[in-house]
Amino acid sequence: MSADSKSNIPSSKPEQEASADNVPSCCAARRVAVDAASGCGTPSMEQERKLPESIGIEESVKTRTETAGTIARPDTSSWPVIPEGTYILGTNDGEGFASDAEGPARPVHIQSFRISPYTVTNADYAAFVDATGYVTEAERFGWSYVFHLLIPDMKRVSIVGSPQQTPWWHGVEGAYWREPEGPGSSLDERMDHPVVHVSWNDALAYCEWAGVRLPTEIEWEAAARGGLEGRRYPWGDVLRPDGEHRCNIWQGVFPTKNHGSDGYIGTAPVDAYKPNGYGLYNVSGNVWEWCADWFTQNPDKRGSTKQPQGPDQGVSRLMKGGSYLCHQSYCNRYRVAARSGNTPDSSTGNIGFRVVVDN
């Protein structure tokens, strides 16, 4: 990256100066500006880009999935079972963001289900695309968001633009799931990493082919807690117990220096670090995970106390888990109760998904 480009990227504030009322949108970028904004989902491109009118996403998904065979669909029989019961949704933790509707914490009853121990990998998504010929929205738009430090050579890529609030995100022409940093990049040695540059719509298309679905927020949160109740992280309340890294997040000065003491600068393999009590890996950090619900900042619209589905409508879809760009001083959203949202057509280098099936 050029010195001139770096000079336009602000340094992070000291951690003690951060507050819930002033959290930059470090973790995700939207394709268009929307009113419903939250923490990590507010940046938008200065110029709106639309899909060609001749391309109908829903029609394409339906056609592709109907013609798909049964090749390499996931075997869900060994997935962890989350038992039926009452779980606590949300938190009253002082580190939570009230503006994201993280609280108040409340008991919610859900039915039993199975959940993948891992996020969907590049290998998984490749099997889907190879079987169906599906074309992602990043490919249709012609660009997707890439974090500035992950672009190997700024002179070799074409930048569509960068959100004013978050200049560390660049819309790179040709970036999509197979070339995550733009033309010339590849998935070499990353087939076991989470697939990224997939929109909510792209995740839904995979689900329709694979015979699975996206988890609801309460399902995701119940599974992510690993049997613990009211804890900040899937393993407890301490981020690094005995100094051990348990997740892939940012270390250093955001957004200009990540010294990667956890072992990774970008994504990590889906089975990196220790699993939680239910056998789930990387539910904190690594990549944001799409959920089925619409996102809301109104706690009263998060659904009933029995099998809640979230709001009936909305602008953004819910994301959980945080990503490799989350940092305590900016985006402390790798906590289990943390939440954010993004438009269903948005794609970035740090959003993926995990899937479930009814038990």
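Predicted model: local features only at pLDDT ≥ 70, side-chain atom pairs only at ≥ 80, totals over all residues.
Student: How many of the residues of helix 6 are buried, and which are they?

Tutor: Helix 6 covers residues 217-224, and it is largely enclosed by the rest of the structure, because 8 of its 8 residues are buried. The buried residues of helix 6 are E217, I218, E219, W220, E221, A222, A223 and A224.

Student: In which loop does R225 lie, and is R225 buried or exposed?

Tutor: R225 has its place in the loop between helix 6 and strand 8, the latter being residues 252-253. Leaving aside residues up to four places away in sequence, R225 touches I88, G90, G230, R231, P234, N276, V336 and A337. The relative accessibility of R225 is 6%, and because burial requires a value under 20%, R225 counts as buried.

Student: Which residues does N276 touch, if those up to four places away in sequence are not counted?

Tutor: N276 belongs to the loop that runs between strand 9 (257-258) and strand 10 (288-294). Its relative accessibility is 10%, so N276 counts as buried. With residues up to four places away in sequence left out, the residues touched by N276 are A223, A224, R225, G226, P234 and V283.

Student: How far apart in space are N276 and Y233, C-alpha to C-alpha?

Tutor: In sequence, 43 residues separate N276 from Y233. In space, taken from C-alpha to C-alpha, the distance between N276 and Y233 is 9.5 Å.

Student: What is the relative accessible area of T216?

Tutor: T216 is found in the loop between helix 5 and helix 6. Apart from residues up to four places away in sequence, T216 touches C291, A292, D293, P308 and Q309. T216 is classed as buried, since its relative accessible area is 5%.

Student: How many aromatic pairs are there, by the rule that ring centres lie within 6.5 Å?

Tutor: A pair of aromatic rings is described by the distance of the centres and the angle of the planes. With ring centres required to lie within 6.5 Å, the count of aromatic pairs comes to 20.

Student: What kind of pair do Y125 and W177 form?

Tutor: The ring centres of Y125 and W177 are 5.5 Å apart, with 75° between the planes. The pair links distant parts of the chain, 52 residues apart, with Y125 in helix 3 (residues 122-132) and W177 in the loop between strand 7 (169-173) and helix 5 (200-210). Y125, at 0% relative accessibility, counts as buried, as does W177 at 1%. As an angle over 60 degrees is the mark of this class, the pair of Y125 and W177 is edge-to-face.

Student: Which strands hold F147 and W169?

Tutor: F147 and W169 form an edge-to-face pair, at 6.0 Å centre to centre and 80° between the planes. F147 is buried at 2% relative accessibility, and W169 is buried with a relative accessible area of 0%. The pair ties together parts that are 22 residues apart in sequence, because F147 lies in strand 5 (residues 143-147) and W169 in strand 7.

Student: How are helix 3 and helix 5 oriented relative to each other, roughly parallel or roughly perpendicular?

Tutor: The contact is between helices whose axes are 11 Å apart and which pack at an angle of about 75°. Because angles from 65 to 115 degrees fall into this class, helix 3 and helix 5 are roughly perpendicular.

Student: Which residues make the contact of helix 3 with helix 5?

Tutor: The residues of this contact divide into 7 nonpolar, 1 polar and 2 charged. Ring pairs link several aromatic residues into a cluster, including Y125, F128, Y206 and W209. The contact is made by D124, Y125, A127, F128, A131 and T132 of helix 3 together with D202, A205, Y206 and W209 of helix 5.

Student: Over the ring of which residue does the charged end of R317 sit, 3.6 Å from its centre?

Tutor: R317 lies over the face of W200, at 3.9 Å from the ring centre. At 3.6 Å from the ring centre, the charged end of R317 sits over W294.

Definitions and conventions. Residues numbered from 1 in each chain as written. Heavy atoms only, no water. Phe/Tyr/Trp six-rings, centres within 6.5 Å; stacked < 30°, edge-to-face > 60°. Helix = DSSP H or I, 4+ residues; strand = E, 2+ residues; numbered from the N terminus. Buried < 20%, exposed > 50% of the residue type's maximum accessible area, 1.4 Å probe, protein only. Lys NZ or Arg CZ within 6 Å of the ring centre and 35° of its normal. Axes fitted to C-alpha atoms, helices over the stretch in contact; angles between N-to-C directions. Parallel < 35°, antiparallel > 145°, perpendicular 65-115°, else oblique. Contact = heavy atoms within 4.5 Å. Nonpolar A, V, L, I, M, F, W, Y, C, P; charged D, E, K, R; others polar.
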